[in-house]
Amino acid sequence: MPRNQPEQQAPPVQKIRIRYAKRGRLRFTSHRDVSRAIERAVVRAGIPMAYSSGFHPHPRISYAGASPTGAASESEYVELGLAETRDPAAVGEALDAVLPDGLDVVVAVDAATTAAGSLADLLTASHWLIDLGGTEPDRARAAVEAFLATESVTVERMTKKGLRSFDCRAAVVRLLVTPEGDLDLLLEHTVPAVRPDDVLTGLREVSGLDVAATGLLTRVAQGVLERSTESIGDPLATR
(Lines give C-alpha, C1' and ligand atoms only; values in the text may rest on other atoms or scores of the structure.)
Protein backbone atom coordinates (compact mmCIF):
# COMPACT_ATOMS: atom_id res chain seq x y z
CA MET A 1 0.00 0.00 0.00
CA PRO A 2 1.33 3.48 -0.83
CA ARG A 3 2.26 5.60 2.15
CA ASN A 4 0.28 8.76 2.80
CA GLN A 5 2.19 11.94 2.15
CA PRO A 6 3.57 13.43 5.38
CA GLU A 7 2.09 16.62 6.72
CA GLN A 8 3.94 19.72 5.54
CA GLN A 9 5.29 21.81 8.40
CA ALA A 10 5.08 25.60 8.46
CA PRO A 11 8.39 27.44 8.01
CA PRO A 12 9.97 29.13 11.04
CA VAL A 13 8.51 32.51 11.96
CA GLN A 14 11.74 33.54 13.68
CA LYS A 15 15.36 32.42 13.64
CA ILE A 16 17.56 32.92 16.68
CA ARG A 17 21.33 32.74 16.40
CA ILE A 18 23.22 31.69 19.51
CA ARG A 19 26.87 31.91 20.40
CA TYR A 20 27.88 29.38 23.03
CA ALA A 21 31.08 28.22 24.70
CA LYS A 22 32.49 24.71 25.14
CA ARG A 23 34.58 24.69 28.30
CA GLY A 24 36.35 22.43 30.75
CA ARG A 25 35.79 18.69 30.32
CA LEU A 26 33.16 19.39 27.67
CA ARG A 27 35.98 20.15 25.21
CA PHE A 28 36.33 16.37 24.83
CA THR A 29 32.70 16.11 23.67
CA SER A 30 32.13 15.35 20.00
CA HIS A 31 29.98 17.59 17.82
CA ARG A 32 27.36 14.82 17.63
CA ASP A 33 27.10 14.69 21.42
CA VAL A 34 26.91 18.50 21.61
CA SER A 35 24.07 18.54 19.07
CA ARG A 36 22.20 15.89 21.05
CA ALA A 37 22.62 17.93 24.24
CA ILE A 38 21.22 21.03 22.51
CA GLU A 39 18.28 19.11 21.04
CA ARG A 40 17.39 17.78 24.50
CA ALA A 41 17.84 21.23 26.02
CA VAL A 42 15.39 22.98 23.66
CA VAL A 43 12.74 20.46 24.71
CA ARG A 44 13.47 20.87 28.42
CA ALA A 45 13.48 24.67 28.06
CA GLY A 46 10.06 24.63 26.37
CA ILE A 47 11.28 26.56 23.32
CA PRO A 48 8.57 26.49 20.59
CA MET A 49 10.60 24.94 17.79
CA ALA A 50 9.59 24.74 14.15
CA TYR A 51 9.99 21.28 12.58
CA SER A 52 11.08 19.97 9.23
CA SER A 53 8.59 18.27 6.90
CA GLY A 54 8.78 14.61 5.97
CA PHE A 55 8.06 11.28 7.63
CA HIS A 56 10.52 11.97 10.45
CA PRO A 57 10.25 15.66 11.41
CA HIS A 58 13.22 17.16 13.23
CA PRO A 59 13.51 20.47 15.09
CA ARG A 60 14.97 23.15 12.85
CA ILE A 61 18.42 23.48 14.37
CA SER A 62 21.40 24.47 12.21
CA TYR A 63 25.03 24.19 13.26
CA ALA A 64 28.03 25.87 11.64
CA GLY A 65 31.78 25.84 12.20
CA ALA A 66 31.89 23.26 15.00
CA SER A 67 35.26 22.94 16.74
CA PRO A 68 37.10 19.60 16.70
CA THR A 69 36.82 17.16 19.60
CA GLY A 70 39.38 18.02 22.28
CA ALA A 71 39.32 21.77 21.63
CA ALA A 72 37.82 24.30 24.01
CA SER A 73 35.92 27.19 22.44
CA GLU A 74 34.44 30.54 23.35
CA SER A 75 32.85 30.90 19.93
CA GLU A 76 30.50 28.12 18.77
CA TYR A 77 27.30 28.90 16.86
CA VAL A 78 23.85 27.40 16.42
CA GLU A 79 20.64 28.71 14.83
CA LEU A 80 17.17 27.80 16.10
CA GLY A 81 14.08 28.03 13.89
CA LEU A 82 11.05 28.91 16.05
CA ALA A 83 7.35 28.36 15.46
CA GLU A 84 6.49 31.38 17.63
CA THR A 85 8.21 34.72 18.13
CA ARG A 86 10.19 34.96 21.34
CA ASP A 87 12.59 37.39 23.00
CA PRO A 88 16.06 36.13 21.96
CA ALA A 89 17.64 36.94 25.32
CA ALA A 90 14.92 34.97 27.14
CA VAL A 91 15.47 32.00 24.81
CA GLY A 92 19.20 32.14 25.50
CA GLU A 93 18.68 32.24 29.26
CA ALA A 94 16.21 29.34 29.18
CA LEU A 95 18.55 27.23 27.08
CA ASP A 96 21.58 28.03 29.25
CA ALA A 97 19.71 26.97 32.38
CA VAL A 98 19.22 23.40 31.13
CA LEU A 99 22.43 22.78 29.16
CA PRO A 100 25.18 20.70 30.83
CA ASP A 101 27.84 22.61 32.74
CA GLY A 102 30.54 23.53 30.26
CA LEU A 103 28.11 24.27 27.42
CA ASP A 104 27.32 27.90 28.16
CA VAL A 105 25.20 30.32 26.14
CA VAL A 106 27.10 33.59 25.62
CA VAL A 107 24.57 35.59 23.59
CA ALA A 108 21.36 35.04 21.61
CA VAL A 109 20.06 37.40 18.91
CA ASP A 110 17.33 37.56 16.28
CA ALA A 111 18.87 36.48 12.96
CA ALA A 112 16.88 39.21 11.19
CA THR A 113 19.00 41.86 12.92
CA THR A 114 22.37 40.37 11.90
CA ALA A 115 24.27 40.47 8.61
CA ALA A 116 22.57 38.92 5.59
CA GLY A 117 23.50 35.38 4.61
CA SER A 118 23.50 32.00 6.27
CA LEU A 119 25.36 31.45 9.50
CA ALA A 120 27.95 29.37 7.64
CA ASP A 121 28.56 32.27 5.23
CA LEU A 122 29.47 34.51 8.18
CA LEU A 123 32.03 32.10 9.66
CA THR A 124 35.07 32.37 7.40
CA ALA A 125 37.92 32.36 9.93
CA SER A 126 38.86 31.34 13.48
CA HIS A 127 41.21 32.82 16.06
CA TRP A 128 42.97 30.17 18.17
CA LEU A 129 45.25 30.16 21.20
CA ILE A 130 47.43 27.07 21.56
CA ASP A 131 49.10 26.21 24.87
CA LEU A 132 52.64 25.08 24.04
CA GLY A 133 53.23 23.64 27.50
CA GLY A 134 56.89 23.74 28.47
CA THR A 135 58.19 24.73 25.03
CA GLU A 136 60.80 27.49 25.23
CA PRO A 137 59.37 30.71 23.70
CA ASP A 138 62.55 31.43 21.72
CA ARG A 139 62.44 27.98 20.16
CA ALA A 140 58.77 28.43 19.34
CA ARG A 141 59.45 31.82 17.72
CA ALA A 142 62.21 30.33 15.57
CA ALA A 143 59.81 27.57 14.46
CA VAL A 144 57.12 30.13 13.59
CA GLU A 145 59.60 32.19 11.55
CA ALA A 146 60.66 29.10 9.62
CA PHE A 147 57.04 28.12 9.00
CA LEU A 148 55.99 31.57 7.77
CA ALA A 149 59.04 31.76 5.51
CA THR A 150 57.98 28.54 3.77
CA GLU A 151 55.66 29.01 0.79
CA SER A 152 53.89 25.67 1.14
CA VAL A 153 53.77 23.15 3.99
CA THR A 154 52.17 19.81 3.10
CA VAL A 155 50.72 17.71 5.91
CA GLU A 156 48.64 14.53 6.00
CA ARG A 157 45.51 13.75 7.99
CA MET A 158 43.18 10.77 8.07
CA THR A 159 39.65 11.80 7.03
CA LYS A 160 36.41 9.97 6.34
CA LYS A 161 37.62 9.60 2.75
CA GLY A 162 40.98 8.21 3.76
CA LEU A 163 44.43 9.76 4.14
CA ARG A 164 44.59 13.22 2.57
CA SER A 165 47.52 15.54 1.87
CA PHE A 166 47.04 19.31 1.80
CA ASP A 167 48.86 22.61 2.26
CA CYS A 168 48.34 23.91 5.79
CA ARG A 169 50.41 27.08 5.19
CA ALA A 170 47.92 28.68 2.79
CA ALA A 171 45.19 28.92 5.45
CA VAL A 172 47.38 30.70 8.02
CA VAL A 173 46.63 34.43 8.10
CA ARG A 174 48.57 35.18 11.29
CA LEU A 175 50.86 33.10 13.48
CA LEU A 176 52.95 34.41 16.38
CA VAL A 177 54.09 33.56 19.89
CA THR A 178 52.43 35.60 22.65
CA PRO A 179 54.36 37.08 25.60
CA GLU A 180 52.86 34.24 27.68
CA GLY A 181 54.43 31.66 25.38
CA ASP A 182 51.22 30.53 23.61
CA LEU A 183 50.67 30.34 19.87
CA ASP A 184 48.31 32.98 18.51
CA LEU A 185 46.81 31.60 15.28
CA LEU A 186 44.36 33.14 12.83
CA LEU A 187 43.10 30.52 10.38
CA GLU A 188 41.00 31.07 7.29
CA HIS A 189 38.31 28.44 6.75
CA THR A 190 39.30 26.59 3.60
CA VAL A 191 38.40 23.39 1.74
CA PRO A 192 39.73 21.03 2.89
CA ALA A 193 39.56 22.56 6.36
CA VAL A 194 42.88 23.25 8.07
CA ARG A 195 42.79 22.68 11.84
CA PRO A 196 45.14 23.98 14.54
CA ASP A 197 46.66 20.51 14.98
CA ASP A 198 47.50 20.53 11.25
CA VAL A 199 49.50 23.72 11.83
CA LEU A 200 51.29 22.07 14.75
CA THR A 201 52.12 19.17 12.42
CA GLY A 202 53.40 21.68 9.87
CA LEU A 203 55.61 23.35 12.49
CA ARG A 204 57.07 19.96 13.34
CA GLU A 205 57.68 19.16 9.67
CA VAL A 206 59.44 22.48 9.02
CA SER A 207 61.40 23.01 12.24
CA GLY A 208 61.19 19.89 14.37
CA LEU A 209 59.11 21.68 17.01
CA ASP A 210 57.23 18.96 18.88
CA VAL A 211 54.30 20.08 21.03
CA ALA A 212 52.65 17.73 23.53
CA ALA A 213 49.44 16.21 22.20
CA THR A 214 47.71 17.25 25.42
CA GLY A 215 48.28 20.95 24.70
CA LEU A 216 45.05 22.91 25.12
CA LEU A 217 43.51 24.39 21.98
CA THR A 218 41.07 27.24 22.56
CA ARG A 219 39.04 28.98 19.87
CA VAL A 220 38.80 32.59 21.03
CA ALA A 221 36.68 33.92 18.17
CA GLN A 222 35.02 32.87 14.94
CA GLY A 223 33.49 35.09 12.29
CA VAL A 224 34.06 37.10 9.14
CA LEU A 225 37.72 37.37 8.12
CA GLU A 226 39.08 40.91 7.73
CA ARG A 227 42.32 40.05 5.98
CA SER A 228 43.61 43.63 5.72
CA THR A 229 43.59 44.02 9.50
CA GLU A 230 44.13 40.35 10.36
CA SER A 231 41.00 40.39 12.49
CA ILE A 232 37.57 38.74 12.71
CA GLY A 233 34.23 40.50 12.52
CA ASP A 234 31.38 39.55 14.85
CA PRO A 235 28.86 37.42 12.87
CA LEU A 236 26.07 38.46 15.25
CA ALA A 237 26.70 42.19 15.01
CA THR A 238 23.64 44.32 14.27
CA ARG A 239 23.25 45.32 10.63
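Which residues lie nearest the centre of the largest pocket?

1. The model is predicted. In this model, A66, P68, R157, A193 and R195 are the residues nearest the centre of the largest pocket. They belong to a lining of 47 residues.

2. Several elements contribute two or more residues each to that lining: the helices α1 (31–44) and α4 (196–207), and the strands β5 (125–130), β6 (154–159), β7 (162–167), β9 (183–188) and β10 (217–226). Of the elements, α4 gives the most, with five residues.

3. The space in the largest pocket comes to about 1,300 Å³.

4. By class, the lining of the largest pocket holds 22 nonpolar residues, 14 polar ones and 11 charged ones.

5. The second largest pocket contains about 180 Å³ of space. Its lining is made up of P12, K15, E39, H58, P59, R60, I61, S62, Y63, E79, L80 and G81. Two strands, β2 (61–64) and β3 (71–82), each provide at least two residues of this lining.

6. How many residues of each class line the second largest pocket? Five are nonpolar, three are polar and four are charged. The charged residues K15, E39, R60 and E79 can be picked out in the list of lining residues.

Conventions: Residues are numbered from 1 along each chain as its sequence is written. This is a predicted model: local features need pLDDT of at least 70, side-chain atom pairs count only at pLDDT 80 or more; totals for chains, interfaces and linings use all residues. Side-chain values use heavy atoms; hydrogens and water are left out. On a 1 Å grid over the protein atoms alone, a cavity is a set of points where a 1.4 Å probe fits but cannot get out, and a pocket is an open set with protein on both sides within 12 Å along at least five of seven lines; lining residues have an atom within 4 Å of a point. Grid points are joined across faces, edges and corners, and a volume is the space filled by probe spheres set on the points. Helices (H or I, at least four residues) and strands (E, at least two) are DSSP runs, numbered from the N terminus. Ala, Val, Leu, Ile, Met, Phe, Trp, Tyr, Cys and Pro count as nonpolar, Asp, Glu, Lys and Arg as charged, and the others, Gly among them, as polar.
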